[in-house]
Amino acid sequence: MGLGRWTIEVVVLTTVFSSMLPVRADEHDHKYTDKEEVVLWMNTVGPYHNRQETYKYFSLPFCVGTKKTISHYHETLGEALQGVELEFSGLDITFKEEVMQTTYCDIELDKPKRDAFVYAIKNHYWYQMYIDDLPIWGIVGEADENGEDHYLWTYKKLEIGYNGNRIVDVNLTSEGKVKLVPNTRIPMSYSVKWKKSDVKFEDRFDKYLDPSFFQHRIHWFSIFNSFMMVIFLVGLVSMILMRTLRKDYARYSKEEEMDDMDRDLGDEYGWKQVHGDVFRPSSHPLIFSSLVGSGCQIFSVSLIVIILAMIEDLYTERGSMLSTAIFVYAATSPVNGYFGGSLYAKQGGRRWIKQMFIGAFLIPAMVCGTAFFINFIAIYYHASRAIPFGTMVAVCCICFFVILPLNLVGTILGRNLSGQPNFPCRVNAVPRPIPEKKWFMEPAVIVCLGGILPFGSIFIEMYFIFTSFWAYKIYYVYGFMMLVLVILCIVTVCVTIVCTYFLLNAEDYRWQWTSFLSAASTAVYVYMYSFYYYFFKTKMYGLFQTSFYFGYMAVFSTALGIMCGAVGYMGTSAFVRKIYTNVKID
């Protein structure tokens, strides 16, 4: 009985992870012999200004070629989640064999079909096809200047470049403009021309990249500007804190030499006075430790995925970036458990199993909840972005059979290896009253202002990332993204350290949540910027695209905020521990 259960679990895990990894079948060998079949896949069609609002190509009344249909299955989890809907075109294409203009089918254009094409043309519908994993885009049709007559492109002129036994280039020219008139027959035709090319197989995706956009001098200037901000901030923090802390240490040493009466008459103030409360557990330690653990995991995922993207060109495979991110997120679950579990143990938490569950499912629940809501709208629209039931089951299997066990391992390690509260100061039994302070030293004000500088260091890069995701650009400058991630972490840590120092100097020991939230408030500014980007940089419209945009931007901003909050807290925690270790406390 036990053997059977383990066999089933192994089969489930194997199936799940095999769906996440790229599959290399005959079609994906990318090597052809003369006269071997070359498949033209029709993917999706949709309005040009709404990139994510896509439908199956044959949801429009296009006709299919005469060749026998080949079924396509989702080879990766990322491909299924991104709404890839490949359907065989029915066109007969063989390697190095040219095809003169040939009619492959006729459209019997009745009024409903004409109305469907007219709607698509009015909304600037584009379609996407694939040959040997190379994407091709074409436009459905166009209207005349008055917008009264509408025309359909009926002739697909394909020009395929080859280098040896590999396909390295594909171009589509749409011709044969035919006016849409009800109750007529429209012939659809195609032709194929093969030409030798000097493009190397490894460089065949270079034509889809846009160096003039991503390597524009504004991009370089923004990186340089952010580096100057880092140097300035690090220098400022070092100068202010080192000089101030040196004076604080000197003052505290002088106070230690006084007798009791002089010390009582002296003007005692500053961060030393809260030494008995500074390491007091934060309020709501279960939620706090779960957020910090999740933030550490998001940082690990971001770092690893960016490094992998710098090493491998992940944009050359459909859905590979999303599949890689899911795989890395599942594999780094012990990071979440380790940091969240150890922090919860240090703060005296006893419900560690509940903390483990919350930490494990915090991010997946947020992402899946948003996707579930948007999925209802996608189903209503019959869009290709509607997630299949089998894909939902695969994601649930990953959460329960991979993420949760690995998180449990990390939690046990964290509690046993670094869960002891070895603070440099004892925690008083009775909390110290917090004195009144200036309004700008209140934690709420510090939280609101703390995210401005981190956002300022990344908002130019946000424009390039948004444009690559919401528009028709392929993001490939992951070296820039790595630099921006490093800059963001340094700026976040510097800002939270300064904020925490001023808070402690005002004798307010509530620094844990303040350091986390002041760094996490970067997410609020990013989400506000997404509104500006939507209204002024895009021409998106409609319920589906709008809900998709703001739903997933909320997920992205929240994940970024949790990551920044964890980074800010970890840096500030090291700073607080350091300064209280170096001062003598009775």
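Glu142 is partly exposed, with a relative accessible area of 31%. In this predicted model, Glu142 has a salt-bridge partner, Lys177, and their closest N and O atoms sit 3.1 Å apart. Glu142 belongs to strand 7 (residues 141-143) and Lys177 to strand 9 (residues 166-179), so this pair ties together parts of the chain that are 35 residues apart in sequence. Lys177 is partly exposed too, at 43% relative accessibility. From that pair, let's step out to the rest of the chain.

**The whole chain**

- The chain has 586 residues, and buried ones make up 49% of them.
- Its secondary structure comes to 17 helices and ten strands.
- If you boxed up the C-alpha atoms along the principal axes, you'd need roughly 105 × 65 × 45 Å.
- Take the contacts between residues at least 6 apart in sequence: 83% of them join residues at least 24 apart.

- The average pLDDT is 87, and 91% of the residues score at least 70.
- Residues 1-26 are a stretch where pLDDT stays under 50, and the model gives them 28 contacts beyond four places in sequence.
- Residues 261-267 also have a pLDDT below 50, with five contacts beyond near neighbours in sequence.
- Where pLDDT is low, the predicted coordinates should not be read in detail.

**Salt bridges**

- The count for this model comes to 19 salt bridges.
- Lys67 pairs up with Glu37, with 3.0 Å between the closest N and O atoms.
- Lys67 is in the loop between strand 2 (55-56) and helix 2 (77-81), while Glu37 is in the loop between helix 1 (2-20) and strand 1 (40-47), so the bridge ties together parts that are 30 residues apart in sequence.
- Lys67 counts as partly exposed at 27% relative accessibility, and Glu37 counts as partly exposed at 32%.
- Glu37 and Lys67 belong to a network of salt bridges that also links in Asp92.
- Glu79 makes a salt bridge with Arg318, and here the closest N and O atoms are 2.9 Å apart.
- That pair links distant parts of the chain, with Glu79 in helix 2 and Arg318 in the loop between helix 7 (285-311) and helix 8 (320-331), 239 residues apart.
- Are Glu79 and Arg318 buried or exposed? Both residues are buried.

**Strands and hairpins**

- Which residue in strand 9 is the bridge partner of Leu152? The partner is Val178.
- Strands 8 and 9 form a hairpin with two residues between them, and Gly164 in the turn has a positive phi of about 70°.
- Strand 5 (residues 125-131) and strand 6 (residues 134-139) are another antiparallel pair, joined over six bridges.
- Within that pair, Met129 has Ile136 of strand 6 as its bridge partner.
- Strands 5 and 6 make a hairpin with two residues between the strands, where Asp132 takes a positive phi near 55°.
- A handy thing to remember when you look at these strands: in a regular strand, the side chains alternate between the two faces of the sheet.

**A nonpolar patch on the surface**

- Phe221, Phe224, Phe227, Met228, Ile231 and Leu483 form a nonpolar patch on the surface, and together they have about 580 Å² of accessible area.
- Which helix gives the most to the patch? Helix 5 (residues 217-257) does, with five residues.
- Phe227 is found in helix 5, and with a relative accessible area of 35% it is partly exposed.

**One serine up close**

- Ser468 has its place in helix 13 (residues 452-470).
- At 10% relative accessibility, Ser468 counts as buried, because the cut-off for that is under 20%.
- What does Ser468 touch, leaving aside its neighbours within four places in sequence? Its contacts are Arg51, Phe214, Lys473 and Tyr475.

How values were computed. Residues are numbered from 1 along each chain as its sequence is written. This is a predicted model: local features need pLDDT of at least 70, side-chain atom pairs count only at pLDDT 80 or more; totals for chains, interfaces and linings use all residues. Side-chain values use heavy atoms; hydrogens and water are left out. A salt bridge is a side-chain nitrogen of Lys or Arg within 4 Å of a carboxyl oxygen of Asp or Glu. Helices (H or I, at least four residues) and strands (E, at least two) are DSSP runs, numbered from the N terminus. Buried means under 20% relative accessible area, exposed over 50%, partly exposed in between (1.4 Å probe, protein chains only). Two strands pair if DSSP finds at least two bridges between them. Patches are made of residues with over 30% relative accessible area and no salt bridge: like charges are joined within 9 Å, nonpolar side chains (Val, Leu, Ile, Met, Phe, Trp, Tyr) within 5 Å. Accessible areas come from the Shrake-Rupley method with a 1.4 Å probe; for residues, only the protein chains shown count as cover. pLDDT is the predictor's confidence in each residue, from 0 to 100. Contact means heavy atoms within 4.5 Å.
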